[in-house]
Amino acid sequence: MGFSLTQVDAFTDQPFAGNPAAVVVLPSPQADSWLQNVACEMNLSETAFLLRQPDGFQLRWFTPTVEMPLCGHATLASAHVLWSEGHLAPTEQARFHTLSGMLTAQKQGDWIELNFPPKYANPVETPPAIAEALGVPCIRVSLTDPFAYVVEVESEDMVRSLQPNLTLVRSLPAEGVIVTSRASTPGFDFVSRFFAPNLGIDEDPVTGAAHCCLATYWGDRLGKTEFVAYQASARGGVLHVRYDPSGNPQERRVYLSGQAVTVLRGELI
């Protein structure tokens, strides 16, 4: 008997949009090399593997080349699969044991809210390779450790039309580059794109983990705690983002909400 596999488009309510992720619910532990080979075979930005635990599910995420410590869209896809395929009742909270600690997901009508750790970006001098790779003026450059550079540019149009030199992006000492700006499209607070050739992903369509950083970044810039964000890749995706900076820093969380659509079910034989 093979392994069931589901492909889900995350952060969208329409098929063939958002960010696709494969989800495999494992009946038993499998070797890391097999998990990586499956992710390479699927050739999506992320493949998620779930293994039931006494109080939830172990969740691991793999790009075609590496295991990731955190992934938003594949967590959203995993929660969607657990509820839509009967592993959890719709009223049950999804609990995930991950490399980033305990993560949870809650079904809220047609939306799913993820509970994630925040990331913080610290301003740095603009590396010459960043300016050259992007080919546009950089208002502000920050760095999260060890995730990515965050580059604020002048306009949404600039974010949308960007055609970076991915060879130069690959040379940077970071997993990727998040390019962002305030939104000019009504209904959105900020827009972004995420380029990560060092992870085997030239451009990630919609990146939940990037919004763990963008929530804190734009919270400081806009003086807000709730946002509607758009990731302006070719596929595009909408996220509702909530971050409260008050209280104990060790207990702060980012809440990411999105929708998900199943597009394929199959069997790994």
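Select glutamate 67 to start: this residue is partly exposed, with a relative accessible area of 29%. The model is a predicted one. Arginine 60 is buried, at 18% relative accessible area, because the cut-off for buried is under 20%. Asp32, Arg60 and Glu67 form one network, joined by salt bridges that share partners.

The count of salt bridges comes to 10. Two further pairs are worth a stop.

Go next to glutamate 85 and arginine 265. Their side chains form a salt bridge with an N to O distance of 3.1 Å. Glutamate 85 sits in the loop between helix H2 (72-84) and strand E6 (94-98), and arginine 265 belongs to strand E18 (residues 260-268), so this pair ties together parts 180 residues apart in sequence. At 28% relative accessibility, glutamate 85 is partly exposed, whereas arginine 265 is exposed at 58%.

Then select arginine 221 and glutamate 152. The closest N and O atoms of this salt bridge are 2.8 Å apart. Which of the two partners is buried? Glutamate 152 is, with a relative accessible area of 4%; arginine 221 is partly exposed at 31%.

Stay on helix H6, which spans residues 208-222, and select threonine 216 within it. Threonine 216 has 4% relative accessibility and counts as buried. What surrounds threonine 216 beyond its neighbours within four places in sequence? Show Pro118, Lys119, Tyr120 and Tyr243, which are in contact with threonine 216.

Now turn to the nonpolar interior. In soluble globular proteins, nonpolar side chains tend to be buried together. The largest nonpolar core in this model has 56 residues, and the ones with the most contacts inside it are Leu50, Trp61, Ala94, Phe96, Ala105, Ile178 and Val241. Helix H6 supplies the largest share of this core, 8 residues.

From that list, centre the view on isoleucine 178. Setting aside neighbours within four places in sequence, isoleucine 178 is in contact with Phe147, Ala148, Tyr149, Val150, Val151, Ser192, Arg193, Phe194, Ala210 and Leu214.

For the last stop, select Leu134, Val141, Val159 and Val191. These residues are among the 20 of a second, separate core.

Technical notes. Residues numbered from 1 in each chain as written. Predicted model: local features only at pLDDT ≥ 70, side-chain atom pairs only at ≥ 80, totals over all residues. Heavy atoms only, no water. Helix = DSSP H or I, 4+ residues; strand = E, 2+ residues; numbered from the N terminus. Buried < 20%, exposed > 50% of the residue type's maximum accessible area, 1.4 Å probe, protein only. Contact = heavy atoms within 4.5 Å. Core = buried A, V, L, I, M, F, W, Y, C linked by side-chain atoms within 4.5 Å. Salt bridge = Lys/Arg side-chain N within 4 Å of Asp/Glu carboxyl O.
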